[in-house]
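Please keep the structure open while reading.

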Amino acid sequence: MGKPAKHKRKRKRYSLPVAGSSPGVVYIDEHALQPLIRFHSYNDHYYAVKELDNIENLSRILANQEFNYWIEIKGFGSAAMFDTLNNDFGISKLVLEDITRTYQRPKLEEYGKYDFAISRMLHFDENKNLDNEQVSFILMENALFTFQEGYEDCLEPIRTRLNAGKGNIRIAGSSYLMYALMDIIIDTYFEILGSWGDELDLIEDRLFDKPDKTVMFDTQLVKRNLINVRRVVWPERDKLNDMLRSDSRLITDQTKMFIRDAYDHCIQIIDIVESLKEISASNIDMYLSIISNRMNEIMKVLTIISSIFIPLTFIAGIYGMNFAIQDPVTGKVMPQNMPELYQEHGYLYTVIVMGAIALLQILYFWRKGWFK
Amino acid sequence: MGKPAKHKRKRKRYSLPVAGSSPGVVYIDEHALQPLIRFHSYNDHYYAVKELDNIENLSRILANQEFNYWIEIKGFGSAAMFDTLNNDFGISKLVLEDITRTYQRPKLEEYGKYDFAISRMLHFDENKNLDNEQVSFILMENALFTFQEGYEDCLEPIRTRLNAGKGNIRIAGSSYLMYALMDIIIDTYFEILGSWGDELDLIEDRLFDKPDKTVMFDTQLVKRNLINVRRVVWPERDKLNDMLRSDSRLITDQTKMFIRDAYDHCIQIIDIVESLKEISASNIDMYLSIISNRMNEIMKVLTIISSIFIPLTFIAGIYGMNFAIQDPVTGKVMPQNMPELYQEHGYLYTVIVMGAIALLQILYFWRKGWFK
Amino acid sequence: MGKPAKHKRKRKRYSLPVAGSSPGVVYIDEHALQPLIRFHSYNDHYYAVKELDNIENLSRILANQEFNYWIEIKGFGSAAMFDTLNNDFGISKLVLEDITRTYQRPKLEEYGKYDFAISRMLHFDENKNLDNEQVSFILMENALFTFQEGYEDCLEPIRTRLNAGKGNIRIAGSSYLMYALMDIIIDTYFEILGSWGDELDLIEDRLFDKPDKTVMFDTQLVKRNLINVRRVVWPERDKLNDMLRSDSRLITDQTKMFIRDAYDHCIQIIDIVESLKEISASNIDMYLSIISNRMNEIMKVLTIISSIFIPLTFIAGIYGMNFAIQDPVTGKVMPQNMPELYQEHGYLYTVIVMGAIALLQILYFWRKGWFK
Amino acid sequence: MGKPAKHKRKRKRYSLPVAGSSPGVVYIDEHALQPLIRFHSYNDHYYAVKELDNIENLSRILANQEFNYWIEIKGFGSAAMFDTLNNDFGISKLVLEDITRTYQRPKLEEYGKYDFAISRMLHFDENKNLDNEQVSFILMENALFTFQEGYEDCLEPIRTRLNAGKGNIRIAGSSYLMYALMDIIIDTYFEILGSWGDELDLIEDRLFDKPDKTVMFDTQLVKRNLINVRRVVWPERDKLNDMLRSDSRLITDQTKMFIRDAYDHCIQIIDIVESLKEISASNIDMYLSIISNRMNEIMKVLTIISSIFIPLTFIAGIYGMNFAIQDPVTGKVMPQNMPELYQEHGYLYTVIVMGAIALLQILYFWRKGWFK
Amino acid sequence: MGKPAKHKRKRKRYSLPVAGSSPGVVYIDEHALQPLIRFHSYNDHYYAVKELDNIENLSRILANQEFNYWIEIKGFGSAAMFDTLNNDFGISKLVLEDITRTYQRPKLEEYGKYDFAISRMLHFDENKNLDNEQVSFILMENALFTFQEGYEDCLEPIRTRLNAGKGNIRIAGSSYLMYALMDIIIDTYFEILGSWGDELDLIEDRLFDKPDKTVMFDTQLVKRNLINVRRVVWPERDKLNDMLRSDSRLITDQTKMFIRDAYDHCIQIIDIVESLKEISASNIDMYLSIISNRMNEIMKVLTIISSIFIPLTFIAGIYGMNFAIQDPVTGKVMPQNMPELYQEHGYLYTVIVMGAIALLQILYFWRKGWFK
């Protein structure tokens, strides 16, 4: 199989529906990656994986009920592959459209012969922005197809467990494998939420230590990410609930017991998301009150200094006036004009008065509690 | 058929009920446009469209079950037409009133012989304001009537698909055509929401780069539009849900499968609307905190400069006072009056003291972190 | 019948229950108006209305099933009338209490022989304050009693339609008349909400043009009115829903079809109320951000002017100091005391330095974007 | 019976559960009042009341089915009494615990032989703080026990009606008496809410006339009280609803008709509480906007005066500088040093320039709308 | 049994799931404490407790139905113990995983042979931070296992009651013991909430007396703790509700009567949490309005003093100008240059004018109400 080109491509976050297109049409973007198909066959005491070029002959292989199969498909750049899925496996065109239009919410749809489910995988792109990618599942009797648009994922631990053969994973059938994949996707939510919880704690520390405007930006960023996670988690919960109550024979009772566990996790995630949102809001409140307080501090400094010195400057200004006691031209004497200036100790008295005014004001501000 | 005059008319956004009017009365505004009737007849291998002057003889044509029919009616300016609908097709007067009073919420009503449904089409008027127009559907066995108040719409792609004959559109019956029309209307919501999402992103960029008061106005505008969209989308969702659970034989099971898809879209739209509303709110919070921060900046500048220079000016004022050491008239000498002025280096000392005060203050503000 | 005195009276908005009074007691206020009784009898081809002094002999008249009757009672100032209602018509005392204690929420109560319903009529009192008045309905086989505390109402169009005999009103029975009255009451809500919508638009225009504090007061007034309307509309909706699902034989199926229409209107009103509330909130947010912005503007002006001139004034103050280079008494020369003052071009240099400082500051503020 | 001491005691508002105590244990506080037992026996044509010392022989008296009994118990200071209730009347210890631990929410519990209900009575303590006291009811076939912790209550009107024998109260059985007591308790809520409504109106008036910070404190006080009332009213509503739907034979159908009335009142109270909360919030919003506006006013005054006079003072400062045109020591003439000072009309020109600057600024502020 | 080392250890608050781990695997942290096993056996007239080293032979002892057993296990540092639980007692691995991964929400799971429940115990760690610890219950026919990660707990009163043998605790079976333990855990919530209520009251007092920024921090701390408590209480309520409606034969009807009591407590806690949250929010609102008010006060002081003295200083500055009436060099006389300076009483008039200006301004501010 030819590995597809590794060039970086700018993917649009959601490929939203285009008004006017027919429903039930597979959507292949011009940037779609060449499919990378990994074929796992396994049972209790056997495990093999190989990479396929196409899925042409797969339906015959799958007829062998001795094994369970996991067909991982990454990249949607082959219309022929989707035709095969439609023709050989009887997958509805509406399902195939949902797989390729990767803006679906998590959901479960039962089609009798197969179940169709969607999970959304959270991860951070190269710019540390939260992105979420669609993982689609088609669950059959002894086979599970998974579909991802890109090549990277967080499912490696499952492949490792499948290879190692520990636990239930090789013996509990395809629905357990689907559960295990969904569960690991949900578990990454915990990691991401945990990191945001830590970040909010750090932001809170900064609020106490040296709050600046990055506090606001960072909190808002976390909050916006939380909004996006919530959009994903609520339908995820509904999906898991649907799986719990599903009548589909494809999902075994044993698997349902585990799904209940995943459902509990999902509820916990919702709890954490809501708590973190409240903590974000509380951080923002704190920050705004800190800004207000700081403004108060600034204004206090200004007001104390201005209030003390402006009146004093006025007094100094008074005695800086040039009212004359003798007209320089006519020589007329006007002894009432600023007699203070010509009094012994006039300067001393003035300075004393100024000091008293300043002291009174300081006392006033002190009693108002402005120096605390 | 005579094309109606193209003159621009000012339409009122909602023709609200007028207290006291009898129910079940068709409402024809004096500005109502002349009806423009387009009659499509089609089946698997046939398609024709023609414009009609009236719908007088239509009921006989529709009796031919070999074809499906789509009767597009735009403009309500003919009372006769509504009489024909009432008399020839047995459409209830209450339904006809709902068609002509174009302020209805999306809904589905089943009348046995026909189903009546309403969608609301979002578009921007010439002033870039969000407007929404009512599209009414009357679904019969092999015919679909659609009613619009104005001439413009977003349904062209359906006409194209009908003409091209690709996909299900010509073979899946009238209920599928109704679904296709509703679906395309919903899809335009995505476009509009997408453009607002982009606008909110741009606004957010402006928040970081150069926030000014237009940020507030623009965000509020988006928010108000979102409020309006939400008023339309929630009943739309209910309508689609009603269609999914409808017992009406007029809506086929195959169509319902597609309606489920439209229903999913509707839920996604609600999701997006709620997220965008939260993002708007978060932008407004950000903006307000930025204003507060900027105020802090402004006040810091004022306070630093005032606090430094006002005391210095006071000192300068002191030595600008004219206390005399010798009375110009009597010649009396008062050596205690401002002896500093007559001291060698008095000026130098004063300047040094002023510099020291300024430095101490700068240091104080520095340690308070005001220069950051 | 003697018309009651027309003197203006101050009515209390809600006659709230008085703790300790027995239940089931008709409440007649000392300000209660003399009853004004209008008796309409009508059928398909007959209509007559006359004013009655009392309802003593009414029960015998109503036994005539050929006609439908509408007994309008306005003003509760007659205990005898309520006794007659209790004795002759078998109306429960609890119902009569609810009629006279006019603070009830809209509701429907079925008593087998009759149905009891309450609507609330919105109107503006002489001071342009929103008031709402209770209209009580007692629906019987072929008669409808309506009760209002005051003389004014908005039901005139129904009387006109009854008189004109157009539409269903004379042929569809008493339940239709009740519907028609309720519907017209609801329709006035639209008018009032429409006027508030217009007012909010005007307020928004003022926000852009010249926002002042009346914006806040006016918006709050609208908001408070909306709170009051919501208190009325929600139970109104429940009442209409109860009527739709009622098993009472007094409400005909035909009427229910119309009630569904009224129910739709009610939902629309709730929609509009919620939207207007959100628009109010958004106006208030806008206003607060405008105040903050304006504060920023004000502070910028203050800061720019103060920051430029305070340092300059300080420099001027420096050279206004009177440090002497020659002691006037001893004649001692101190050439270091303010030598700048005695330097050629000293003044010019000082002015140049001042200009440079001012320019630097203007440049600083310019680059901070304060002049935008 | 010895009346208990009347000394004022400090009661704790809620006697919250103490961790580790056994359930089903009667809780008697050391401050518990001596029981004050009032025994009413009544039927259609008889009424007697007497005060009892204890309830030892009561069970035998109650066996007489000719009368209905109301046993009012106030004060819980007797363990023996509760033992009697447990032994003679078979009241569960859990019920007795709930009676004595007076922090219960309103509820109804049915125990077959008796029904147990709790209401909460609102009143203001001596410091005008809202307090609420538990009233417990034990409803039996022909007897009603009521329990209150303190001696004061709002039930006097019921005693009066019982004595007077008017209305249903003496003939409709014990469940009607319980209803009447509950109803009067609910009716006091109206009074209290009405007084807060009036207070909010007064606060709103003060907002228009002279808003000061007491507005905030008073509004918050009302709001907090509303929060407390809501905590009581919601479970009250649930309790009344439980009573309406109760299968207990102890609550008669006739009583249920009246309970429906009380239930309606309860809904109205919830309505009013929610409205008042919204009005409080709106008052607070108004107040905050008024503060902001006032700040704007203050800053405008400061900015106008500072902006006008600071530049003028600077100019005056300029011409207050002492640059000399002749060195007093050397006699050197420097005619460029402040030639303005020695120009004819220099002073006049300066004053004109100052006036012009002031006028320009006033014009600028005028056009900015700062004088409005 | 060897007591484990008492060294302080830093525990992570939640051991969140690690993505990729197999489900159903017991999780033993490297810091896990050595198990401390306390074995209580009791019946109506017998009680003994001893400490065990392991639970190897326990299953045989438990077969003796004459006694009830409580096996307290604290510390999870023994994988062997969990193997025994799985092998000897048939406890599901998923349950054991939930016990050891101590981040579970309160829940009830029924497994037929045993019931599994989780409570969360609130306590404060050494730094006065709210922490909550998981207590897991496995309820069997005549035995109750409890599991705690740490050694400290709040369950001592139960041990005391068990030892004392008072009340139901020794006779009502294992489900009653489980109830009693859960109940005491819930009761500690009341204590903690009570302390926060007191703290909020203290904060409110500080708001009135001397509000500073610690008010904000302290309120936010309480609020955040409330958010955490709410995350615990809601699922606790659901768990108790599940227990009430459980069909499990392990929970007796008598116990359910008590659980209803605990359920009531839980509802009360939710009530209190919500009220305290509203009070926190109201405190924060108050605080913000106080800051704003204080800012107004500060600005008033600044504005009054500046507005009065800046114009006066300007006037003083005017007469401090040195416009000469005689050119010192040329001797030219310019009598229009500042004639005021050479006028008799010029100084007096100036001072009078200054006083008048100051008075007018004081009057102006007085009438604006700025001195209140």
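Predicted model: local features only at pLDDT ≥ 70, side-chain atom pairs only at ≥ 80, totals over all residues.

Residues are numbered from 1 along each chain as its sequence is written, and chains are lettered from A and ligands numbered from 1 in the order in which they are written.

**Contacts between chains**

Two residues are in contact if their C-beta atoms, placed from the backbone, lie within 7 Å. By this rule 47 residues of chain A are in contact with 55 residues of chain B. Helices (H or I, at least four residues) and strands (E, at least two) are DSSP runs, numbered from the N terminus. On the side of chain A that touches chain B, the elements giving two or more residues are helix 6 (213-245), helix 7 (253-318) and helix 8 (346-367) of chain A. Helix 7 of chain A gives the largest share, 18 residues.

For residue classes, Ala, Val, Leu, Ile, Met, Phe, Trp, Tyr, Cys and Pro count as nonpolar, Asp, Glu, Lys and Arg as charged, and the others, Gly among them, as polar. The side of chain A that touches chain B has 28 nonpolar, eleven polar and eight charged residues. Only 19% of the interface residues of chain A are also interface residues in chain B, so the copies meet through different surfaces.

Another contact joins chains B and C. Helix 6 (residues 213-244) of chain B packs with helix 7 (residues 253-318) of chain C at an angle of about 175°, their axes being 11 Å apart. Axes are lines fitted to C-alpha atoms, for helices over the stretch in contact, and angles run from 0 to 180 degrees between N-to-C directions. These two helices are therefore roughly antiparallel to each other (an angle over 145 degrees). Among the residues that meet are Lys213(B) and Arg231(B) in helix 6 of chain B, and Asp271(C) and Asn293(C) in helix 7 of chain C. The residues of this contact divide into four nonpolar, five polar and six charged.

**A positive phi in the loop**

Most residues other than glycine have a negative phi.

| Residue | Phi | Loop |
|---|---|---|
| His345(B) | about 60° | between helix 7 (253-318) and helix 8 (346-367) of chain B |

His345(B) counts as partly exposed, with 13 C-beta neighbours inside 10 Å. A residue is buried if 20 or more other C-beta atoms lie within 10 Å of its own, exposed if 12 or fewer, and partly exposed in between.

**The sheet of chain A**

Seven strands of chain A form an open sheet of mixed pairing, in the order 2-1-3-7-6-5-4; two strands pair if DSSP finds at least two bridges between them. Strand 2 (46-52) and strand 4 (107-110) of chain A stand at the edges with a single partner strand each, so one side of each is left without a neighbour in the sheet.

Technical notes: Parallel < 35°, antiparallel > 145°, perpendicular 65-115°, else oblique.
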